[in-house]
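Colleague: Before we set anything up from this model, could you take me through a few of its local features?

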Amino acid sequence: FDCSLCQMSDGIATVLLSVNLGALRIAYTVYSYRSPPRLFEAVFDSSMTSIQVSFDQPTNRAGVRDVNNVACSVLFEKRTLDMLGTKARCVWQSRSSLVIFLDADASILPGERLSINSTDLSSEDGRTGSKDSWIRVSRPAVMKAPSVMIVGPTRIDECSSLYLRSA
């Protein structure tokens, strides 16, 4: 069941359920609908080396105990994992946000899809199941300019070779 018209707050919507016979209301109750956590926002940091991910409500952190060293494979689908790089790390900052530290071979760019595919991720209290969701990764508000450093000798004579190294 998906309550697309419900007004959600932290994954909960209050819905009035009633049984009517014509114009006569026979019975009614107030029901709290719980939705599974969904991706709310994903934004690159200013150096483009990590992605800050937020969910629309507190989660159970996919049942992970060590929140400082999470295998990103617990949360993301294979296509997303491939774009994050071979040794990407995920770190939960709170119950509703995590940081993805990208590997040097990462290929994900702003505008690409970040997709959750986890059967273990649910609401903080565990009352909802999981639901696949995706969001486009946004560019940072401010991008840090890349810096280049060239290293080599400060002087050479006209007969010597010049070797420069960049870092």
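Colleague: What is the handedness of the link of C72 and C90?

Modeller: This is a predicted model, and in it C72 and C90 form a disulfide with their sulfur atoms 2.1 Å apart. C72 lies in the loop between β5 and α1 whereas C90 belongs to strand β6, so the pair ties together parts that are 18 residues apart in sequence. Both cysteines, C72 and C90, are buried. The angle about the S-S bond is 115 degrees, and the link is right-handed.

Colleague: Is C159 buried or exposed?

Modeller: The cut-off for exposed is over 50% relative accessible area. Because C159 has 74% relative accessibility, the residue counts as exposed.

Colleague: Which side chain of opposite charge is nearest to R61, and how far away is it?

Modeller: R61 sits in the loop between β4 (50-55) and β5 (70-71). Leaving aside neighbours within four places in sequence, R61 is in contact with V67, W92, S94, R95 and L121. R61 is buried yet has no salt bridge, for which a separation within 4 Å would be needed. The nearest side chain of opposite charge is that of E124, at 7.5 Å.

Colleague: How many residues does the largest nonpolar core have?

Modeller: Among the residues with the most contacts inside this core are I51, F76 and L84. Strands β3 (39-44), β4, β6 (89-94), β7 (97-101) and β8 (113-116), together with helix α1 (78-84), each supply at least two of its residues. Not counting residues up to four places away in sequence, L84 touches I51, C72, F76, I100, L102, D103, A106, I108 and L114. The core's residue count is 26.

Methods. Residues are numbered from 1 along each chain as its sequence is written. This is a predicted model: local features need pLDDT of at least 70, side-chain atom pairs count only at pLDDT 80 or more; totals for chains, interfaces and linings use all residues. Side-chain values use heavy atoms; hydrogens and water are left out. Helices (H or I, at least four residues) and strands (E, at least two) are DSSP runs, numbered from the N terminus. Buried means under 20% relative accessible area, exposed over 50%, partly exposed in between (1.4 Å probe, protein chains only). Lys and Arg count as positive and Asp and Glu as negative; His and the chain ends are not counted. Contact means heavy atoms within 4.5 Å. A nonpolar core is a set of buried Ala, Val, Leu, Ile, Met, Phe, Trp, Tyr and Cys residues joined through side-chain atoms within 4.5 Å. A disulfide is a pair of cysteine sulfur atoms within 2.5 Å.
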